[in-house]
Amino acid sequence: MTRRDLWFHGGTLVLFGAGWGLTMPLTKIAVSTGYGHFGLIFWQLVIGAFVMSAIASVTRKRLPLGRAQVRVYVVIALIGSVLPNSASYQAAVHLPSGVMSLLLSMIPIFAFPVALLLALDRFEWRRFGGLVTGLIAVMLLVLPGADMSGAIPVMWVLIGLVSGLFYACEGNVVAKWGTAGLDPIQVLWGASIVGAVITLPLALGSGQWIDPRPPYGVAERAQIISSVLHVLSYAGYVWLVGRAGPVFAVQISYLVTLFGIFWAWLVLGEAYSPVIWGALGLMLLGMYLVQPRKAPLDAGAAMGETDPTH
């Protein structure tokens, strides 16, 4: 890349990372009024489907509906949206937004052992050290007094980690079995539609339906903005992978974590103890160590392995 390209791509990387990081405090606001996770997931997917439809219309993409493609939509909808978001929305009720950002930064760290289990990668001591470093960071989070307002509940930390584990599985599933010829935009578009179909009866049956009619309060506006930011940041990330390559674009993982903590401080007024900052440093080190020396990702495989908020 030329110096001009580097500045341009670096600027867009920061922009997308900032947008993705902002979704974390917005999620905290969205769950603050007692909305259930199925209702929130349904409307997030509906909004995402509308935004993706607009993007597809501009780029003149179509949505293939063959058996293989529909299977991809269902799998990605489940392990990339419905299941991990069910965990993260519930954990967000009980955990500070900044801590949620830290936990989701475990996605690229979790991706390494999952890749080993699926025979997609080979063992490296350096990357194993990154996994151990990330786990030590998580252990610091649950120490008594780690949070300025009191002990962080261990159970909800574990549930927050489940969300990241699903996202890590998603990226490796895509890397191993592919996407039936679909590009990442088509995958997200189809998965958003299928995910909305799956969660609609769950939202209605569980009593978690959210009436979409105005007036909209702070929580409703936060959910709308968060959903739009997520899908636009993701689409921008995919574009950046194609323009600057996955090795460059994967650095967004660091930015999402850092911006998530910054926005939590600015928007929510969260304060953190030295233990939290120590955990952040260890988590960033773990993310650095666990990355392969040459990222074995293409635009399709990158969609889940480095997606910190999905």
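Is Arg126 buried, partly exposed or exposed? Arg126 is partly exposed, with a relative accessible area of 22%; buried means under 20% relative accessible area, exposed over 50%, and partly exposed in between (1.4 Å probe, protein chains only). This report describes a predicted model, in which local features need pLDDT of at least 70 and side-chain atom pairs count only at pLDDT 80 or more, while totals for chains, interfaces and linings use all residues. Residues are numbered from 1 along each chain as its sequence is written, and side-chain values use heavy atoms, with hydrogens and water left out.

**Salt bridges**

A salt bridge is a side-chain nitrogen of Lys or Arg within 4 Å of a carboxyl oxygen of Asp or Glu. By this rule the count comes to five. Among them are the following pairs.

| Pair | Closest N and O atoms |
|---|---|
| Asp183 and Lys61 | 2.5 Å |
| Arg213 and Asp211 | 2.6 Å |

The salt bridge between Asp183 and Lys61 links distant parts of the chain, 122 residues apart: Asp183 lies in the loop between helix H7 (154-177) and H8, and Lys61 in the loop between H2 and H3. Helices are DSSP runs (H or I, at least four residues), numbered from the N terminus. Asp183 is partly exposed at 22% relative accessibility, and Lys61 is partly exposed at 30%. Glu124 is buried at 15%. Arg122, Glu124 and Arg126 are linked in a network of salt bridges.

**Nonpolar cores**

A nonpolar core is a set of buried Ala, Val, Leu, Ile, Met, Phe, Trp, Tyr and Cys residues joined through side-chain atoms within 4.5 Å. The largest has 40 residues, and those with the most contacts inside it are Leu13, Trp20, Met52, Ile76, Tyr237, Leu240 and Ile252. At least two residues of this core come from each of H1 (3-30), H2 (37-59), H3 (67-94), H8 (184-205), H9 (218-244), H10 (246-249) and H11 (252-268). H9 gives the most, with nine residues. Leaving aside neighbours within four places in sequence, Leu240 is in contact (heavy atoms within 4.5 Å) with His9, Thr12, Leu13, Gly245, Phe248 and Ala249.

A second, separate core has 35 residues, including Leu104, Ile109, Ala111 and Leu141. In soluble globular proteins, nonpolar side chains tend to be buried together.

**Surroundings of Leu131**

Leu131 is placed in helix H6 (residues 125-141) and is buried, with a relative accessible area of 12%. Not counting residues up to four places away in sequence, Leu131 touches Ile109 and Pro113. Leu131 and Met106 are 25 residues apart in sequence and 8.7 Å apart in space, C-alpha to C-alpha.

**Largest pocket**

On a 1 Å grid over the protein atoms alone, a pocket is an open set of points where a 1.4 Å probe fits, with protein on both sides within 12 Å along at least five of seven lines; lining residues have an atom within 4 Å of a point. The largest pocket has a volume of about 210 Å³. Of the 13 residues that line this pocket, the closest to its centre are Trp43, Pro212, Tyr216, Glu220 and Ile224. H2 and H9 each supply at least two residues of the lining. By class, the lining has nine nonpolar, one polar and three charged residues.

How values were computed
Points joined across faces, edges and corners; volume = space filled by probe spheres on them. Nonpolar A, V, L, I, M, F, W, Y, C, P; charged D, E, K, R; others polar.
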